[in-house]
Amino acid sequence: MHRSSSAVARAALLFLLPACAEPVAVPDSAPNLAPKMSKYVQEESQPLADSTRVLAIYPSGVGQNLRQTFRPTRNQTLGFIWLPVACAPGVSLVVAVRDSVGTVLTTSSTAGLSGNVGEFRLLQLFNAPGSTGVRLMRDQQYSFELTSQALPGNPETTCGIASGPRGDSYPRGRGFFSDPINGPAFFPLPNGAPTDQEDLPFRTLSR
């Protein structure tokens, strides 16, 4: 029997929590996108973040990892994602986008995310020169998966993300967690019961 996520998902995190306890909505625009990126528009979204409930993110195979499924409403090229995340010093957040059978379509690593959990950060999901993102098809299931990556010898290994609101806040997908204690399987947030339905805060940007 797998452990409840209440035992594995919330942890003492080595970064700052915001003083404000009110849910925070992701911004409605992306003012820090470069002009050449102006063709990217907001797509799938679960915009509310509860910074009073923080989910820990660990390296793969070491501790909790998180996953959110989503279904695009149109054919598109996914380039960016907004997440209310923060990481301990020297720790990067790794975002992998997978298709419905689990194949990794793109992986990106972002450093320098220290600060407040609950503050939405704009993360680029493509790295190759000339790339504009990863192609997604309408009404197909995809997911983004969150793990952390620490510098060698770094005693701090965690990132964190604010929880979404309780209940089914994003009807086109579902949030999941995994932990080595439970084996490689992912279980629904918040505690793995079949009736649970909880989603991570996020917003995708595509062209």
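Both glutamate 198 and arginine 53 are buried (buried means under 20% relative accessible area, exposed over 50%, and partly exposed in between, with a 1.4 Å probe and protein chains only). The model is predicted: local features need pLDDT of at least 70, side-chain atom pairs count only at pLDDT 80 or more, and totals for chains, interfaces and linings use all residues. Residues are numbered from 1 along each chain as its sequence is written, and side-chain values use heavy atoms, with hydrogens and water left out.

The side chains of glutamate 198 and arginine 53 form a salt bridge, at 3.2 Å from N to O. A salt bridge is defined here as a side-chain nitrogen of Lys or Arg within 4 Å of a carboxyl oxygen of Asp or Glu. Glutamate 198 sits in the loop between strand E13 (187-188) and strand E14 (202-206), and arginine 53 in strand E3 (residues 48-57), so this pair ties together parts that are 145 residues apart in sequence. Strands (E, at least two residues) and helices (H or I, at least four) are DSSP runs, numbered from the N terminus. The structure holds nine salt bridges.

Another of these joins the side chains of glutamate 145 and arginine 67, at 2.5 Å from N to O. Glutamate 145 belongs to strand E10 (residues 142-150) and arginine 67 to strand E4 (residues 65-70), so the pair links parts that are 78 residues apart in sequence. Glutamate 145 counts as buried, at 9% relative accessibility.

Aspartate 139 and arginine 172 also meet through their side chains in a salt bridge, at 3.0 Å from N to O. Aspartate 139 lies in the loop between strand E9 (134-136) and E10, and arginine 172 in the loop between strand E11 (159-163) and strand E12 (175-178), so parts that are 33 residues apart in sequence are tied together. Aspartate 139 is partly exposed, with a relative accessible area of 38%. Arginine 172 is partly exposed too, at 28% relative accessibility. Salt bridges with shared partners join Glu44, Arg138, Asp139 and Arg172 into one network.

Six strands form an open sheet in the order E7-E6-E10-E4-E12-E13, with antiparallel pairing. Two strands pair if DSSP finds at least two bridges between them. Strand E7 (104-110) and E13 stand at the edges with a single partner strand each, so one side of each has no neighbour in the sheet. E12 and E13 run antiparallel and are joined by two bridges. Phenylalanine 177 has phenylalanine 187, in E13, as its bridge partner.
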